[in-house]
Amino acid sequence: MSFNVNVLPSGRSFSANEGEPLLAAAIRQGIGLPYGCKDGACGSCKCKMLEGQVTHGAHQLKALSAEEEAAGFILTCCGVAHSDVVLESRQVTDESAFPIRKMPVRVTSLVRATPDVMVVRLQLPASDTMKYHAGQYVEFLLRDGDRRSYSMANAPYTQLETPGIELHIRHMPGGKFTDHVFAAMKEKEIQRVEGPYGSFFLREDSAKPIVMVASGTGFAPLKAIIEHMQFKHIVRPAVLYWGGRRPIDLYMTDWIEARVAEMPNLRYVPVVSDALPEDGWRGRTGFVHQAVLEDFSDLSGHQVYTCGAPIVVESAQRDFTELAGLPTEEFFADAFTTEADKALKT
Ligand SMILES: Cc1cc2nc3c(=O)[nH]c(=O)nc-3n(C[C@H](O)[C@H](O)[C@H](O)COP(=O)(O)OP(=O)(O)OC[C@H]3O[C@@H](n4cnc5c(N)ncnc54)[C@H](O)[C@@H]3O)c2cc1C
Ligand code: FES
């Protein structure tokens with residue numbers, strides 16, 4: 001048995017099998033519903049159900065509270081239909097979905113950008129290229145069946161100059177995959193990845209000025225988006241706020257400054273939260289999303305793209321919409337949820 005799911009206002013529809021999460025059904029049929037963790041932890045897939053019956057599997061209350069559920073909101077990643085359903089999701093795009101492929105990849109270089117950030121380059125078989133939107137991510141398929149997500153840090157067109165994809169991976173001590181990356185991964189190692197995934201990419205049908213907010217390695221997909229903007233000559237005003245604990249965490253400052261020199265529409269604001277006296281930091285301090293609010297009391301005419309630590313994404317979404325008038329459908333994000341975040345599910 002399957003149910004019809006209609007998404008307004010785009011009018012796109014897809015079918016969901018009995019017991020199949022709505023998001024999995026949408027991805028299978030190339031419908032661009034927004035999502036992040038795919039696991040009930042981040043809230044990126046939350047949308048309003050206008051008609052129908054949906055029940056949820058385990059999820060975190062911060063992703064969907066009881067009040068939100070009572071008000072008709074659902075999480076598509078862990079919601080299954082029990083009738084035909086009508087959803088409201090203004091972020092659904094007509095953007096073509098690229099085919100999701102599983103492929104072996106070879107590690108071609110490992111460069112430590114800081115003691116805890118590794119820039120990893122992967123080459124596809126026979127110098128194949130991957131089709132994706134700048135901002136999307138791939139999943140590593142681990143031997144025990146687990147998966148780990150990493151955002152492409154290079155725009156797709158760069159594969160024509162240098163084949164392969166670039167990832168920025170932060171070490172999480174005790175983490176299953178990143179312990180391997182920092183302790184044992186070697187050049188020429190073969191891994192398996194699947195992708196592209198994700199709804200975090202530039203909406204090119206808008207002319208609104210762009211505010212980008214990165215925390216830590218959340219810079220990676222924004223780097224890809226900046227490369228894409230430069231390649232496509234997109235001259236919408238854009239400002240990148242990049243937050244780290246210490247200046248060393250902003251590991252590609254030279255790269256950004258070179259882009260700012262080439263792109264008159266791009267500005268860069270580095271923000272450091274825990275500088276030590278020996279850092280000699282004279283720039284902005286505090287939380288990165290608060291620096292945005294200090295500069296933009298009114299975000300009602302902007303689009304915001306935020307990536308990185310879940311707490312930064314959540315704070316940005318809440319404060320930008322509640323305090324600065326950002327329309328909810330103009331906030332795009334990937335929260336880098338980990339197993340620790342997912343373990344908090346109810
Ligand atoms: C869409 C998306 C894109 C992402 N992109 C990037 C990226 O570009 N760069 C990047 O650096 N990261 C990114 N991430 C995060 C990344 O996918 C991993 O979650 C992260 O690298 C940690 O993986 P790991 O296997 O090393 O650690 P995990 O095994 O996930 O563990 C993470 C931490 O939690 C602890 N832990 C593990 N299990 C539990 C548990 N059950 N209870 C409590 N604590 C636990 C571990 O000790 C460790 O400290 C992204 C995540 C998402 C969802
Ligand atoms: S994608 Fe559904 S809660 Fe994260």
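In this predicted model, 11 residues of domain 1 are in contact with 11 residues of domain 3, contact being defined as heavy atoms within 4.5 Å. The C-alpha centres of these two domains, domain 1 and domain 3, are 28 Å apart. The protein as a whole is divided into domain 1 (2-95), domain 2 (98-197) and domain 3 (210-342), with bounds taken from an automatic or database domain assignment.

Residues are numbered from 1 along each chain as its sequence is written, and side-chain values use heavy atoms, with hydrogens and water left out. Local features need pLDDT of at least 70 and side-chain atom pairs count only at pLDDT 80 or more, whereas totals for chains, interfaces and linings use all residues.

An open sheet is formed by five strands in the order 2-1-7-3-5, with mixed pairing. Strand 2 (12-17) and strand 5 (73-75) stand at the edges with a single partner strand each, so one side of each has no neighbour in the sheet. On average, neighbouring strands of this sheet are turned by 40° against each other, direction ignored; the axes behind such angles are lines fitted to C-alpha atoms, for helices over the stretch in contact, and angles run from 0 to 180 degrees between N-to-C directions. Strands here are DSSP runs of E with at least two residues, and helices are runs of H or I with at least four, numbered from the N terminus. Two strands pair if DSSP finds at least two bridges between them. Strand 3 (residues 46-51) pairs with strand 5 in the antiparallel sense over three bridges, and Lys 48 stands opposite Phe 73 in strand 5.

Helix 4 (residues 219-231) has 13 residues and spans 18 Å from its first C-alpha to its last, close to the expected 18 Å; the expected span is 1.5 Å times one less than the number of residues. Among the buried residues of helix 4 are Phe 219, Leu 222, Ile 225, Ile 226 and Met 229, together with Lys 223 and Glu 227. Just after helix 4, His 233 takes a positive phi of about 55°.

The cysteines remain to be considered. With a disulfide defined as a pair of cysteine sulfur atoms within 2.5 Å, the count comes to zero. The sulfur of Cys 307 has its closest cysteine sulfur in Cys 42, at 11 Å, which is too far for a bond. Cys 307 is buried, at 1% relative accessible area, and Cys 45 also counts as buried, at 5% relative accessibility.

Definitions and conventions:
Chains are lettered from A and ligands numbered from 1 in the order in which they are written. Buried means under 20% relative accessible area, exposed over 50%, partly exposed in between (1.4 Å probe, protein chains only).
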